[in-house]
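Here is my notebook page from an afternoon with this model.

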Amino acid sequence: MARSSSTFVKQATMAFFAVALLFPTVASAQGGDGFLFRQPKVTFKFESGYGFQRAGSDLFDFVTDSLTLGRRDFDSPYVGGEIGIRVAERWDVAIAVGYQESSVASEYRDWVDADDRPIEQVTSLRQVPFTVSAKYYLRERGRSIGRFAWIPNAISPFVGGGVGVVSYRFEQDGDFVDYQTFDIFRDNLRTDGDAFLARAVAGVNVSLSKQFFFTAEGRFGYASGDVAGDFSGFDKMDLAGLQLVGGLAVRF
């Protein structure tokens, strides 16, 4: 199941960017300075920001207790893209995909090797979310002038929510202590999979021109993934967290 879901996320990502490459061909719908010839139907956005992980499950408890890690070490930069489709005057359906990964060097807090040197490893957490969301705009996004001109408003706040799937991988590479024999061994430990993701969003669009606008958005996502592989025995991994992102978008 995890393998097929991962394939779905990869295919969805490829489809997302394939569609994005077609958008420049519709740029002829632009009008003169300050207005479009028609109300825009589609937006495309590139975004980046930062993700703050809650990291509240027992696997995170274990690694932060035994290694020189804190919960904020799992926070990481985020990059992504989104296609928004206007379905009503104040409603959009948005399809988004993103990527974020933390990677931090760590060592055991209470153990050293036979030469009194630290026992070191690198701990990483990767997440690839794919979501479909509904966005509701709290005010009109623009106004029509006659039949052939549409002028965007300067500021358009919105709220919304959505669902999707997040592909995740938790990995540690380096040296470890066998707590039964107290031997030190080198290994690459990992667990990965896919989990259901629910997301709430709030943000604002700020028009820069008739076609381009800046968008700032806060998102809280909830997800909980199975822990398997080398970390079997732990409870579900807490993948919930807050994202703060900004981006440049174009409307057609």
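I looked up Phe74 first: leaving out residues up to four places away in sequence, Phe74 touches Gln53, Ala55, Phe60, Val63, Thr64, Leu69, Ser102, Thr123, Leu125 and Phe170. Contact here means heavy atoms within 4.5 Å.

A note on the source: this is a predicted model, where local features need pLDDT of at least 70, side-chain atom pairs count only at pLDDT 80 or more, and totals for chains, interfaces and linings use all residues. Residues are numbered from 1 along each chain as its sequence is written, and side-chain values use heavy atoms, with hydrogens and water left out.

Next I checked the largest nonpolar core, which has 23 residues, and found Phe74, Phe170, Met237 and Leu239 to have the most contacts inside it. Such a core is a set of buried Ala, Val, Leu, Ile, Met, Phe, Trp, Tyr and Cys residues joined through side-chain atoms within 4.5 Å; buried means under 20% relative accessible area, with a 1.4 Å probe and protein chains only. I see at least two core residues from each of α2 (58-66), β4 (118-137), β7 and β8 (184-207). β7 gives the most, with 5 residues.

Then I turned to Asn153, in the loop between β6 (149-152) and β7 (155-177). Asn153 is buried, at a relative accessible area of 15%. Beyond residues up to four places away in sequence, Asn153 touches Arg139, Glu140, Arg141, Gly142, Arg143 and Ser207.

Last, I counted 2 helices and 11 strands in the protein chain; these are DSSP runs, helices being H or I of at least four residues and strands E of at least two, numbered from the N terminus.

Notes:
Buried means under 20% relative accessible area, exposed over 50%, partly exposed in between (1.4 Å probe, protein chains only).
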